[in-house]
Each structure stands twice: as structure tokens, then as C-alpha cells.
Amino acid sequence: MLTVPVDAQTTAPAAGGASLTLVHVLSGMGGSYDPPIRLEDIHIIRHSFRPGDPEGLQGPEDLTEERVLAYTREQDLSPRRFPKTPPRYWVILIADGARRSRLWGTFENHGEVEAERTMHRLFDLRPNGFLAPLFGRLVVEWDNPRSWHRSASATSVAKLPVLEIADRDKVPFPGFDRVLLKHHELQDMVENPRYADWRVALAEVQGIYLITDSTNGKQYVGKADGAERILGRWRAYANDGHGGNVALRELIEDSKGNAAESDYVRHFVYSILRVFGPSTSTSEVDAAETHYKRALLTRGFGLNRN
């Protein structure tokens with residue numbers, strides 16, 4: 001049985017001289033289960049981003065378990081477009097370039113939920129730990145982007161080379177005046193080890209920050225003072241999207257009645273206007289916040305209510 005060295009960086013040659021293929025990985029790791037997970041038990045699905053399509057995955061911000069699950073479980077009625085009885089394990093890849101595809105995760109298929117069938121079939125998919133050590137790390141070369149799913153036992157899968165098995169590169173902190181994060185990037189920043197330098201920097205300063213609604217340009221000026229610091233304040237936004245701010249909460253709540261906009265936080269962009277050292281007085285931070293609210297007119301035309 002093949003054992004894949006998942007704790008070390010691995011780089012394989014591209015197609016034509018590949019020493020490690022996707023089949024090697026699936027067979028090797030599947031063989032460690034009792035009973036073994038065979039290639040016949042696995043279906044491979046490659047999703048690509050479809051900007052502007054509310055029913056698809058529009059961008060990296062949609063790579064949450066909830067969204068990928070909802071998108072994947074709905075399949076065509078025709079067995080010519082998708083297997084009538086798909087296998088138990090679904091391996092999900094995400095397009096990461098022209099032919100590069102990165103492993104997102106795996107689902108265990110518990111069959112179609114026939115009571116939910118409409119114009120599509122809906123499957124009972126549950127997150128599964130098969131291949132978990134490789135989530136986000138395994139990158140393969142997908143031979144035909146137009147062919148978005150196939151059985152792991154298909155001859156073509158044996159030819160898909162592994163390009164790398166490695167952690168993603170560390171993200172260097174760009175400096176306070178160059179911070180610009182979309183909401184899904186903010187969520188990564190507060191948790192992902194790749195952003196460790198960011199968390200160190202933002203945990204040390206108080207500051208004035210700006211949140212912009214990218215759909216209309218409206219802005220919110222906020223402050224992070226005292227022991228909370230910018231990192232602490234932004235953790236709250238990463239968690240619920242509004243951090244307790246009235247106008248932001250209303251935007252999110254109002255959008256819940258529209259399925260296409262149910263995740264309104266995707267539109268928020270975060271930046272920093274000014275930073276202060278940890279010993280700066282609260283009154284000085286308050287004065288700066290007031291100045292930026294006036295300068296950017298965020299009380300009359302933006303999202304500040306006071």
C-alpha cells in the first residue's frame with residue numbers, strides 16, 4: 001500500500017512525467033481504511049468560480065462548508081449529466097488556475113433525498129474526513145476544464161498528475177496603510193496560520209478603520225481602542241459581519257429576505273485609516289474617529305449613526 005508523505009512538501013513533475021498521480025493518493029489513503037475505500041467508491045467533482053451567478057460559487061468567499069455543500073448536493077436529473085447512483089465519497093476540487101485544481105474537502109453521500117426532488121436531484125451529503133490531511137494542500141493538474149466530474153476509477157484520473165502537496169505560502173503583512181481585506185479574507189486573517197504576521201501587527205495597535213460596502217460605496221468609520229486593539233475588534237466582524245454596529249446589522253438582516261443576497265457581508269471591504277500605539281489615550285482616539293466621520297461624511301451619507 002502506498003503511503004503519501006502528507007507532512008512534507010511534495011512537488012511532482014507535470015503531465016507526461018508524473019511520478020505521483022491523483023490515483024496514487026486516493027488508493028494510498030483509501031487503503032488505510034477498514035474496509036478500504038476503493039476507487040470505485042469515489043467520485044471527483046471540480047468546481048470553478050462563476051462570478052455574477054448567484055446560484056454558483058462566485059469566488060473564494062463562497063468556499064464555506066455551507067455554500068459548497070448546498071451547491072454540490074444539487075445535481076441534474078439526467079443520468080447522462082450525473083450518475084444515477086453516485087458512489088459514497090465525493091472528493092471536491094476547486095479550480096486554482098487554468099488547469100490547477102486544489103482539494104477543498106470531501107463529502108459522504110447518503111443517497112438522494114427523493115422528497116426534495118424538483119427540477120434537480122438533491123443528495124444527503126455530509127462532511128467527511130477522508131483526505132483531511134490534504135485539504136487545501138493537494139493540487140492536481142486537471143486535464144479538461146470542461147469535464148467537471150468523473151469517477152475515480154476512470155482511466156483519465158490515472159493520468160492526473162499531483163503538482164504539489166504543500167501548505168499555502170505565508171502572507172506577509174503589507175503595512176498598516178496597505179491593509180485591504182474582503183470579508184472572506186478577514187475571516188482567514190483572524191484564524192489562518194498564513195496570516196500570523198498580520199495578527200501580531202494588528203494585536204499591538206489601536207486605530208481608526210474603515211468598512212466600505214462595495215455595492216454602493218457607503219462607508220463606516222470605526223475605532224478600536226483600549227485593550228481590544230484592531231485585531232480584537234476585527235475578530236467580531238469576522239464572526240458576525242456587523243460587530244454590533246446598528247447600520248451594518250440592518251444591512252445584513254434586511255438582506256436575509258433575498259436569497260441572492262443572504263450573505264451580504266461578502267460586500268464589505270476593510271481598511272485602516274490611522275493607527276495609534278497602545279499607550280495612546282482614549283480621548284485622542286475618539287477625536288480621530290470624529291475627524292474621519294466628518295471628513296468622509298459618513299454620518300450624512302454613509303453608515304455611521306452617531
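Me: What makes the lining of the largest pocket divide as it does into nonpolar, polar and charged residues?

Reply: Ala, Val, Leu, Ile, Met, Phe, Trp, Tyr, Cys and Pro count as nonpolar, Asp, Glu, Lys and Arg as charged, and the others, Gly among them, as polar, and by that rule the lining divides into 12 nonpolar, 13 polar and 15 charged residues. This is a predicted model, in which local features need pLDDT of at least 70 and side-chain atom pairs count only at pLDDT 80 or more, while totals for chains, interfaces and linings use all residues. Residues are numbered from 1 along each chain as its sequence is written, and side-chain values use heavy atoms, with hydrogens and water left out.

Me: Why is this called a pocket, and which residues lie nearest its centre?

Reply: On a 1 Å grid over the protein atoms alone, a pocket is an open set of points with protein on both sides within 12 Å along at least five of seven lines, whereas a cavity is a set where a 1.4 Å probe fits but cannot get out, and lining residues have an atom within 4 Å of a point. The largest pocket has 40 such lining residues, with E55, G56, L57, R67 and Y71 nearest its centre.

Me: What is the volume of the second largest pocket?

Reply: The second largest pocket holds about 920 Å³ of space, a volume being the space filled by probe spheres set on grid points joined across faces, edges and corners. Of its 31 lining residues, L63, R168, D188, N192 and R194 are the closest to its centre.
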